[in-house]
Amino acid sequence: MLNTERKLPDICPSCSAALQVTSLGCDVCETTVSGKFQLPILARLPADEQKFIVEFVKNSGSLKIMAQQLGLSYPTVRNLLDDIILKLKENEKAQI
Amino acid sequence: MKTWLFNPFTYIAGGRALIIGLIVMTITLSTAFYSNTHFDGAIDAHIGLQAPFLLYVFEQLIAWGSVVLIFFLAGMILSSSRFRFIDIAGTAALARAPMLLVAIAGFIPALHNAKPDHIDNTVIALSFIMLIPIIWLIALLYNAFTISINVKGTKAIAGFITALILAEVLSVSLNHLIQPLFIK
């Protein structure tokens, strides 16, 4: 079996609506929980943006350290963060 | 390579861009003094008139300062992000680097010998070649504008064109005011 990283789908491939979690399973005892659960807002972001947020939090929210780490200029990193903030706000609006 | 040529601000901005930009601007104005090249507008370059060194210094500062001031005001109107003045000042300074090529081209004798009533094909060809660094400067200024104040799309294009026209008007007007103080 190929060891490829699988992307969490958050948009319905058929109608483009936001997908919901309907089933969660335990790997140990194989219990399955069914219901309707909304994906957390952060989980709706692309993997690279989720990684950016994780690194940003780990760096205590310092854009300067982020810029050094990514080898980008300060305004470039700040613009990336602004784009993520905008997406989060849009996702929040869509959930309401 | 393309990013470094047209959008180095992805990697360099703020204080670092300002220091590099000011160094290149100093080299440019020193070269311009010996080749009699005047940067008497935000995106202007004219060749021919001998003038005191201080005029070249003021021309550079006005050309750069006008852009910085207008971009900053544009940012306050157009941007919803928090932006830093030093990013605008730094990227606008670094964007002026292609003007060094124009200052060097100012040493070409044919450009000095050209008269308004007698412009030959060589002068026309050289003028077109000198347009390349000017276009490069405009491309760099556009990227400096969009990255520094974080604007995109139509807002960025319309805002940049308006800001550049205003910066050009401001810088040309200021140069007209100071030129009589240096050239009698």
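The entries below go from the conventions to the core, the helix pairs, the chain contact and a few single residues.

**Entry 1. Conventions.** I noted that this is a predicted model, in which local features need pLDDT of at least 70, side-chain atom pairs count only at pLDDT 80 or more, and totals for chains, interfaces and linings use all residues. Residues are numbered from 1 along each chain as its sequence is written, while chains are lettered from A and ligands numbered from 1 in the order in which they are written.

Entry 2. For burial I used C-beta atoms placed from the backbone: a residue is buried if 20 or more other C-beta atoms lie within 10 Å of its own, exposed if 12 or fewer, and partly exposed in between. The core has 50 residues, and Phe71(B), Ala92(B) and Leu141(B) have the most contacts inside it. Among the elements that each supply at least two residues of this core are helix 2 (63–70) and helix 3 (74–95) of chain A, and helix 7 and helix 8 of chain B. Helices here are DSSP runs of H or I with at least four residues, strands are runs of E with at least two, and both are numbered from the N terminus. The largest share of the core, nine residues, comes from helix 3 of chain B.

I then followed Ala92(B). Leaving out residues up to four places away in sequence, I found that Ala92(B) touches Trp64(B), Val67(B), Val68(B), Phe71(B), Leu141(B) and Ala144(B). Contact means that the C-beta atoms of two residues, placed from the backbone, lie within 7 Å.

**Entry 3. Helix 7 of chain B.** How many residues has helix 7 of chain B? It has 29 residues and reaches 42 Å from its first C-alpha to its last, close to the 42 Å expected at 1.5 Å a residue; the expected span is 1.5 Å times one less than the number of residues. Its buried residues include Leu137(B), Leu140(B), Leu141(B), Ala144(B) and Phe145(B). Helix 3 of chain A is one of the elements that cover the buried residues of helix 7 of chain B. Just after helix 7, Asn150(B) takes a positive phi of about 55°.

**Entry 4. Helices 7 and 8 of chain B.** The axes of helix 7 (residues 121–149) and helix 8 (residues 153–182) of chain B come within 10 Å and cross at roughly 120°. Axes are lines fitted to C-alpha atoms, for helices over the stretch in contact, with angles from 0 to 180 degrees between N-to-C directions. By class, this contact has seven nonpolar, one polar and no charged residues. Ala, Val, Leu, Ile, Met, Phe, Trp, Tyr, Cys and Pro count as nonpolar, Asp, Glu, Lys and Arg as charged, and the others, Gly among them, as polar. Leu141(B), Tyr142(B), Phe145(B) and Thr146(B) of helix 7 meet Ala156(B), Phe160(B), Ala163(B) and Leu164(B) of helix 8.

**Entry 5. Helices 2 and 4 of chain B.** I found the axes of helix 2 and helix 4 of chain B within 7 Å, crossing at roughly 35°. The residues of this contact divide into nine nonpolar, five polar and one charged.

**Entry 6. Between the chains.** Nine residues from chain A and 12 residues from chain B form the contact.

**Entry 7. Helix 1 of chain A.** The count of buried residues among the 12 residues of helix 1 of chain A is zero. Ser60(A), with a positive phi near 55°, follows this helix.

**Entry 8. Single residues.** Is Leu61(B) buried or partly exposed? Leu61(B) counts as partly exposed because it has 14 C-beta neighbours inside 10 Å, and its place is in helix 3 (residues 53–78) of chain B. Trp4(B), in helix 1 of chain B, counts as exposed, with 10 such neighbours. Glu30(A) has a positive phi of about 65° although it is not a glycine, and is found in the loop between strand 1 and strand 2 (32–38) of chain A.

Terms used. A nonpolar core is a set of buried Ala, Val, Leu, Ile, Met, Phe, Trp, Tyr and Cys residues joined through C-beta atoms within 7 Å.
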